[in-house]
Amino acid sequence: MEKLRRIVNQIAYTPKSQSLSTLSPLHLSLIPLLFLSSSLYKIIISFRHTLHQFGFIRKHRLPVPVISIGNLTWGGNGKTPMVEFIANWLANDVGISPLILTRGYGGDEAKMLQRHFNGTSVKIGVGANRAAIASSFLHRYGYICSIDVACFKQPKPKTKVVSDKIGVAILDDGMQHMSMSRDLEIVMVNGLSPWGNHQLLPYGPLREPLSSLNRADAAVIHHADMIPDESLSLIESKILNMNRFLPIHLSAMTPSHFFKAPNSICQLHLGVIFGKIVLCVSAIGSPNSFVQKIEKMGPLYIDRMDYSDHHQFQDKDIKMIKARLEELNIKFGSKPTIIVTEKDYDRDSKILGGLDPFEVLVLCCKLQILNHNGCSEDSLKKLLTRSLKYVTIYQET
């Protein structure tokens, strides 16, 4: 199954003009089947959109403002880091207790959010039926009927949350979750591999046509610090061709520290891997961005083992990883260090214990909004503020 995922992923991110010259006969033989499946998928999502558009499927409206963070392609778009960024801003700067609603697919993002927000006012609801999960949390904690707009006038760091009642819901991976109404739609775009071959699943990486950008209130190009200006301009032009009034922000994942598994409390400086032999192991949507960040920290040598997004590590994977580590140990005469992402650690932290006696470091990063063409962290927060103020006034009238 892992091999098939790799093949499909390679087809999805190979431009159609390069398919004959770069793809193997096996890859090419799968394209007709993938194309047929993609055509059926297009019919299904078009029918689904029509049902929602004409009200044949009722949308669930929560009694609090809803911010949706979504994307148009699979994996590596920075949805969950953006969710965490907004939740931190609401809880710490504005003084509003947010509820994060996530499917919990793969288990890694939900576990990571729960670890990060443990002991805070942020609530995390996990489950496919997010309307039911939201109702349960709203019933348990209560909710703020109207947000005091004074909260937004002069937000100060480390503001204490006035009430434990829920004031805002944040829908993680919410763009395709059309059964829930939302007040703000933010679309994340992976700058390293934005649209692939421009085809719908499973032939391509698109979950919806690019025309769906017309539903968005803002777009954020993720990993913008890792792509050349020319590529960035092309992505912006493509977005604006679909929605010419859409504000476009840029974001990046900035490394903050390591911790040695399983002790997540003890933080280690990023320079701890300088001059070392390291093996990067990841099962995320954008492994290249992970490895490039490690390269900038000055290790002597980097090897890598990439798995498909949300891959659940098994005992056989641990054996393969240990075999690679032994090879590196023999080659360099120095015990290598394994580096994983937080998602990989939180997916199954116990199985990583099977890599003993080799050291496992977990790279921790924070999402940062970059300044670009008048768009900045402040302008994004102003967009969020205007949306929440509007909903508050609308609910009160």
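Analyst: Proline 262 lies in the loop between β7 (248-260) and β8 (267-268), where strands (E, at least two residues) and helices (H or I, at least four) are DSSP runs, numbered from the N terminus. This is a predicted model, in which local features need pLDDT of at least 70, side-chain atom pairs count only at pLDDT 80 or more, and totals for chains, interfaces and linings use all residues. Residues are numbered from 1 along each chain as its sequence is written, and side-chain values use heavy atoms, with hydrogens and water left out.

User: Which peptide bond joins alanine 261 and proline 262, cis or trans?

Analyst: Most peptide bonds are trans. The bond between alanine 261 and proline 262, however, is cis, with omega about 5 degrees. The bond from leucine 201 to proline 202 is also cis, with omega near -5 degrees, and proline 202 sits in the loop between β5 (184-190) and β6 (218-222).

User: Is histidine 223 buried or exposed?

Analyst: Buried means under 20% relative accessible area, exposed over 50%, and partly exposed in between (1.4 Å probe, protein chains only). Histidine 223 has 5% relative accessibility and therefore counts as buried, whereas histidine 198, at 40%, is partly exposed.
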